[in-house]
Protein chains: 6
Amino acid sequence: MFDLITMGEAMIRLTPLNFERVVQADTFLAGTSGSELNTAIGAAQLGLKTCWVSRLVDNPIGWRIANTAREHGVDISHILWVSEGRVGLYYYEMGASTRASRVYYDRCHSAMSQLEPGMIDWSGVLSGCRVFHISGITPALSASCAAVTEEVIGAAKQAGCLVSLDINYRAQLWSPGQARECIASLLPQVDILLTTLDDARIVFGLVAEPVAVARKFIDTYGLKVVAITIREAPSVLRHVWQSVAVSNEVACLGERIDLELVDRMGSGDAYTAGFLFGYLTGDLTKAVAYGDAMSALKHSVPGDHPWATLSEVERQVKSRETKIQR
Amino acid sequence: MFDLITMGEAMIRLTPLNFERVVQADTFLAGTSGSELNTAIGAAQLGLKTCWVSRLVDNPIGWRIANTAREHGVDISHILWVSEGRVGLYYYEMGASTRASRVYYDRCHSAMSQLEPGMIDWSGVLSGCRVFHISGITPALSASCAAVTEEVIGAAKQAGCLVSLDINYRAQLWSPGQARECIASLLPQVDILLTTLDDARIVFGLVAEPVAVARKFIDTYGLKVVAITIREAPSVLRHVWQSVAVSNEVACLGERIDLELVDRMGSGDAYTAGFLFGYLTGDLTKAVAYGDAMSALKHSVPGDHPWATLSEVERQVKSRETKIQR
Amino acid sequence: MFDLITMGEAMIRLTPLNFERVVQADTFLAGTSGSELNTAIGAAQLGLKTCWVSRLVDNPIGWRIANTAREHGVDISHILWVSEGRVGLYYYEMGASTRASRVYYDRCHSAMSQLEPGMIDWSGVLSGCRVFHISGITPALSASCAAVTEEVIGAAKQAGCLVSLDINYRAQLWSPGQARECIASLLPQVDILLTTLDDARIVFGLVAEPVAVARKFIDTYGLKVVAITIREAPSVLRHVWQSVAVSNEVACLGERIDLELVDRMGSGDAYTAGFLFGYLTGDLTKAVAYGDAMSALKHSVPGDHPWATLSEVERQVKSRETKIQR
Amino acid sequence: MFDLITMGEAMIRLTPLNFERVVQADTFLAGTSGSELNTAIGAAQLGLKTCWVSRLVDNPIGWRIANTAREHGVDISHILWVSEGRVGLYYYEMGASTRASRVYYDRCHSAMSQLEPGMIDWSGVLSGCRVFHISGITPALSASCAAVTEEVIGAAKQAGCLVSLDINYRAQLWSPGQARECIASLLPQVDILLTTLDDARIVFGLVAEPVAVARKFIDTYGLKVVAITIREAPSVLRHVWQSVAVSNEVACLGERIDLELVDRMGSGDAYTAGFLFGYLTGDLTKAVAYGDAMSALKHSVPGDHPWATLSEVERQVKSRETKIQR
Amino acid sequence: MFDLITMGEAMIRLTPLNFERVVQADTFLAGTSGSELNTAIGAAQLGLKTCWVSRLVDNPIGWRIANTAREHGVDISHILWVSEGRVGLYYYEMGASTRASRVYYDRCHSAMSQLEPGMIDWSGVLSGCRVFHISGITPALSASCAAVTEEVIGAAKQAGCLVSLDINYRAQLWSPGQARECIASLLPQVDILLTTLDDARIVFGLVAEPVAVARKFIDTYGLKVVAITIREAPSVLRHVWQSVAVSNEVACLGERIDLELVDRMGSGDAYTAGFLFGYLTGDLTKAVAYGDAMSALKHSVPGDHPWATLSEVERQVKSRETKIQR
Amino acid sequence: MFDLITMGEAMIRLTPLNFERVVQADTFLAGTSGSELNTAIGAAQLGLKTCWVSRLVDNPIGWRIANTAREHGVDISHILWVSEGRVGLYYYEMGASTRASRVYYDRCHSAMSQLEPGMIDWSGVLSGCRVFHISGITPALSASCAAVTEEVIGAAKQAGCLVSLDINYRAQLWSPGQARECIASLLPQVDILLTTLDDARIVFGLVAEPVAVARKFIDTYGLKVVAITIREAPSVLRHVWQSVAVSNEVACLGERIDLELVDRMGSGDAYTAGFLFGYLTGDLTKAVAYGDAMSALKHSVPGDHPWATLSEVERQVKSRETKIQR
């Protein structure tokens, strides 16, 4: 009886210390990363009962990832464990000045990318679940993953779950055209769409102000809710964040938030976690406020996860503090 | 024959690396921390003969603290060593973006909090001393510490010392009402009061521009000098600092200083150290300038202490450099 | 057959962690540093065939330095290895707030400073080389190094190399008057002069806007090209960079670039590397663009070297990205 | 429906790097530690369904401990969360040569030590559980903890659980006489007693070879099984381990194992975990073999937990490898 | 005109700190590793002109590996750079007590494993070279690598090089039967065979004392020289090393060397480097002595490379020092 | 009124992490080192009033050294501060297996080596002091330091101090012949001679069992007490320690102590500290016992200082513990 189930790949993230470049680093911090896992963890931190489904190799790297999920209270009982294949990884190079941050993937041939339809009994897993969430990364992993995405979204609809999807376009996995074709075919079954303004433009060619973009998605695909996040980047280490959510009835605009970047990885996933929590426990206004708070919080913490608590997010939604609390 | 004697609690400070949250950290940097100790260390760095009085457990944690004092040239011969009890500690969580920095204390039941009147022969300790300084944290530790605070301030007056007090309100130790009652009872014996504009408002309900606040203190309690420090915090990592000192004769306003925060812990104590040094070796203008320079310097250095030298502070008072010196 | 040969001293650089001061640090990061070596490494990263000439002690410290050169593809076959003497070093203290970054040298009595004319067969080394580059640090090391500087520049002219010189004034090595006298005597044989606007003022007393300063150098000393770099420092951690290059025919002004400082050491040398690469493979406009890109990149990377690739610099010259690339 | 439930205090363990002493260390590794938690984690690693019960403060330090339990798959749903009090901690100083390793506790006034009878509904928690395990540390924490120990052991017997107890004498918590009086009063309800040969001597004055000591316990208190672990320490970093388990029917003697000490903390708890697993899934011979393997493994891993897998322990029980596996 | 050319795969090696297990580690030290690269580096450290041939991805991970080769003076001009594929990696888990050290590979689908015959012009590369060396890992990588191995050994013979081969059996890459079949087909063209006594037993089923094993190889395959290394492992952290080399004329037995293991990775490759150096510059006695010295040295240094100098090895061959040199 | 005054050079010691070699290290731990300073610190840890005299540069490196002395309670008021010159340093490379530990000095031209007779008013400094101690390193630094050594030993005798000298031969500073000539000329004024058996052989050509060596010194130079320390080194990381002290009346032989080496630097100086403490507060038997305990303790602690306490040393003298204390 989960509030939220997500499915996707998780990887080891290797991060050099102190702005070092990958080519020069002799030490890497190891973390666990993966869009849908990040969302499950964020939601669990806020108190939702969450489960993350994936396919992992039965070795220390796979165990690390499952342990991380478990550490945050995410259920791992539906992970498929296999003895062959690998767990993907990537290097995250933190930038500054004129050097943008950058990700180098080494994720091919992962056990997850070889997941095939029929391997998981979705009706059993999804039974009684309130929301199923997936990102556009999963269908981009492989043809079989695209098929599983279709399979699981269908099963989720049938099980009466809300279906949530984040476009999360990755240029190293597929082209904008491929992404649009696949995602457009999924959207008719989706209830909640989350995307950055950039992805809406790159993948769907939508160039407009955010509310108009959201309405366009609603009108075209019959979605319940569309949330658009907007990131301005006046410099590599200083960003400005804002989001908007639109339904047939209302459009809610969040506040502009100045960000000092400690680590921006996982901030979109944190937004989704906060948004879904707010939506399930309140309304669209709460969804936007909690999504924004989770994303902003994430930017201040190293690693992919916000390490948030519900009371902390509630406090941040009410007022922002910049002086020390003691 | 000390220029400055301070008394108070010192704690171990545990700081996660690189903006990590306490809940996620696997490594902590250990430092020594304590308002009155910080002030003694800062003053010793500038060349004053200083002594710090406290009550410490005779174990490696207590030794660390005494060693740190000694390393900076602070006299430790009047520390009371006991075999029972504990040394307090706290976790310092460095913030960014919308997450303010935060302190988690674990300081209850410390040996210092169990200090009682009569345990220290104050007339012997204070004989010939020029300034005795204490913060509002000490009386907040326990009823017996409040009694010792009264005892030592009385002894200091009798020994002919100037008495200096920093309100240093800690919401986790007492309420504003409790703080006001206690501190107000001490102020008639105090010569120099230092406080943040925030504490003046929170504890004494004074809402006015700084000079007016200072004059209000002088008028009410017959103080010689009141120094008010002002901190604006446009973001978590960028602050603006300014201070003002007022006596019956003059009001001296320091310059506004833009701060890039490396570590703001101990900056108020560094101000006090610089202020008292400037006051003892010059006038109120020098006190403000040296206090400001010490505080600004402290913000740029990890840990609780500025690691300043007199010549460096003198140079900073004359001009500010932002390009590399080589 | 090298595109570029440089000659100078290299040192071990010891850097405390995380803004610590040298006096407080218990751990130092060790790097390799040296103006002419930095330039050779930057140029090699862009694809030039480069060689660095120096005099090093045959011990692990000397080997480290040679290994670093070799790691980046710089030829080390003309290094003079000696069994006596020392390798210099310095401590680099990273500043913030009102505390400027600072360098503490311990470079006296180095093997390089004892290099004497006649020790190296310059005509053999320089034969077929396109550019010889040296900084004003080398003649400042010792009288014999000044004599070798004269010797090598003469040999370079004779070998048909372009001669490039960066003033690189170091106040701890000589006075402005000494520097001017020496460098002025070298300039008639120099083709390309690079300098900061600050050094032009301090050493040559030139106070004017950059193009005028450059023209003044050209007119006085008959130089082919003069490049002036300009650094504004609104705060210790935020700088603005710009450069201009002037020849008899043209004046090229680069863009203003906002810098978030990770580590500014070696940025002038990176500029020189990019400038010489652009100049050898294009024109003055390319020289300025590549110099600026290399310098900006260097500011974002810890250590003295930009770890650049040609394709990265080419991309940066076309457009600046501040959002993550993945 | 747990296989194993344990109850006790957990603390933060702070460990200096590389044999540093606590008084000199500037960095501490932070870990989670606690005898009964360690046993629960070890058993969960081998596949038992385990639950750990404790009383924790609702702050980042309490969360860390619960997260660690959860990371290893230990159920935390019966933890009592409180807003007042503290989480204990200790410093672990790793020794060498003539300096024995040493622990400095700072555990007084912990939330766990203030647990009182009636706070936990034991019949609900223990229902259906196979084994309840506790160590002698818990009743030593405070009078109320001693009362809770009596309460829970009674409830466990009533619920039909096997009751397991490890003497685990801590000289800093109580005297041998106090320990004996308390534990002797509990033993009539205990089924499985685990102890070191040293504790049997210190607490119960039993000086004999291990099997005789075990039989003495069985005869005096009517125990089902007694396991005795023996540690010889020819040097600080080289120990020899052996254990024996005795029931009314049999006495099983394990092999002597040479240990290279990486970290010996938690090795006794790892033994208990392996022993209980072996006992529940096999017989006394298996219990000894799995206990020994888990303890030996624990000595090779930093921190309090063995990070074992069942297949690894099974492999070690069959044969020992000292050459690299690749 | 190289003294030594080697060919093979190189990988990133990720090593947890201080005996941590891979599953628990949050930090990894990154190194460069690869049997034939290690041998090339070791030989370059002793002064041979060496070249390493491989196939690498043109990204920061590939650059790191090439930079490491270059740092040690190994020629990299014959590396094939490709834009597709990956660089393999592995995790090295250092053991102690009853836990043997262990390697977890993630090396599938590497660019090197996709090297095919015809991709490299071997006659050009090998022209004038004295020794070509390869290990049994290379043909185990893939069918095409096996074909390239055949190709290059043929080319080496034709170019007049001595051919050296180390069996270096890896159980995770192929079975003993597969290894034997492949290597046996190569041995008729091999001049120098190096192997551990274990590999001779596992792959070729030879169970005898080392000299007899060596003679058996010589007799069966017509080899010039066979070197057998013997490792006893009384514990995980204490090994004993010895080697023997046999030709038709002589059998040279090295001394038994007690090893304190800091890091045993690459010790076999270091032996090969020392052996080939000794063989090329002396005789079989020198080969054994230098091979043993290099291997012993390697065990004392973290990472895959011995960081040896010729003078150091010469000194060690003469006498062993266990007291500090200062 | 000091119990002990020592004089000598102190240096920064740079130590790579985890057995890395200097040539490969990117990080160094920085410590303070110097034979006579080490002895002063060790003696202060045991409770003697000690003072260390030296000549230091007034920069952060000099301050670090003085701060370290002060941290341990050593008086620094007689240090000569100068603005010119440098502070020496050395790299300490920890060995294992067949690679002995090694020290690389970079100590030439230090401020201390330029100390000259007349610079310090020795009669003022030494007045009332009980013991003056110096090592043979000081006269080896320079001709002027040799002259100062003569000067201070003369002054010490005149002031009625016991004079203590440790030969401490450094092959990189002078030859055995030079050392013997100098030290032999000092010995007639020395009361207590400490030396290793190795130095007695190397410098004075004495090859005999320790008591005979000691008697030979006593007979030749009229010494009060001679202490000889003996170190066997069966491997790089396992040594055996023993010492003997001889006077005209008695010969006291200490126990053989097996050492697990964490860091052997400063162990001889720790012996001297313990020996002098024991001698001043007891007799020769106590001197040997405390010297041995301090030396053994030092081997277990990183850095040059034992971080001992008197009660710990007293405990060790009574019995040795190898099991954890908790």
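**Entry 1: the loop that holds C:S110**

I began with C:S110, which I found in the loop between strand 8 (102-106) and helix 3 (122-126) of chain C; helices (H or I, at least four residues) and strands (E, at least two) are DSSP runs, numbered from the N terminus. I noted that this is a predicted model, in which local features need pLDDT of at least 70, side-chain atom pairs count only at pLDDT 80 or more, and totals for chains, interfaces and linings use all residues. Residues are numbered from 1 along each chain as its sequence is written, while chains are lettered from A and ligands numbered from 1 in the order in which they are written.

Is C:S110 buried or exposed? I looked up the cut-offs before deciding: a residue is buried if 20 or more other C-beta atoms lie within 10 Å of its own, exposed if 12 or fewer, and partly exposed in between, with the C-beta atoms placed from the backbone. C:S110 is buried, because 24 other C-beta atoms lie within 10 Å.

Leaving aside neighbours within four places in sequence, C:S110 is in contact with C:E9, C:G85, C:R86, C:V87 and C:G88. I also looked up C:R55, which is 55 residues from C:S110 along the chain, and the C-alpha atoms of the two are separated by 8.8 Å.

**Entry 2: helix 8 of chain C**

Helix 8 of chain C covers residues 210-221, and its 12 residues reach 17 Å from the first C-alpha to the last. That is close to the 16 Å expected at 1.5 Å a residue, where the expected span is 1.5 Å times one less than the number of residues.

Which residues of helix 8 of chain C are buried? I found C:P210, C:V213, C:A214 and C:F217. Seen down the axis of helix 8 of chain C, these buried residues fall within an arc of 100 degrees, so they line one face of the helix; the arc is that of the directions from the helix axis to the C-beta atoms. I wrote beside this that an α-helix has 3.6 residues a turn, so residues three or four places apart point the same way.

The cover over the buried residues of helix 8 of chain C includes strand 11 (192-196), helix 7 (197-204), strand 12 (225-232) and strand 13 (238-247) of chain C. After helix 8 of chain C comes C:G222, with a positive phi near 70 degrees.

**Entry 3: strand 9 of chain D**

I turned to strand 9 (residues 131-135) of chain D, where 5 of its 5 residues are buried. D:V131, D:H133 and D:S135 lie on one side and D:F132 and D:I134 on the other, so that both faces are covered.

Strand 9 of chain D pairs in the parallel sense with strand 1 (residues 4-7) of chain D over 3 bridges, and also with strand 10 (residues 162-166) of chain D, again in the parallel sense, over 5 bridges; two strands pair if DSSP finds at least two bridges between them. D:F132 is the bridge partner of D:I5, and in strand 10 of chain D the bridge partner of D:F132 is D:V163.

**Entry 4: where chain B meets chain D**

I found 18 residues of chain B in contact with 18 residues of chain D. Strand 3 (27-33), helix 2 (60-71) and strand 8 (102-106) of chain B each give two or more residues to this side of chain B, and strand 3 gives the most, with 4 residues.

Strand 3 of chain B and strand 3 (residues 27-33) of chain D run antiparallel and are joined by 3 bridges. B:T27 stands opposite D:L29 there.

**Entry 5: where chain C meets chain A**

How many residues of chain C are in contact with chain A? I found 20 residues of chain C, which touch 23 residues of chain A.

Technical notes
Two residues are in contact if their C-beta atoms, placed from the backbone, lie within 7 Å.
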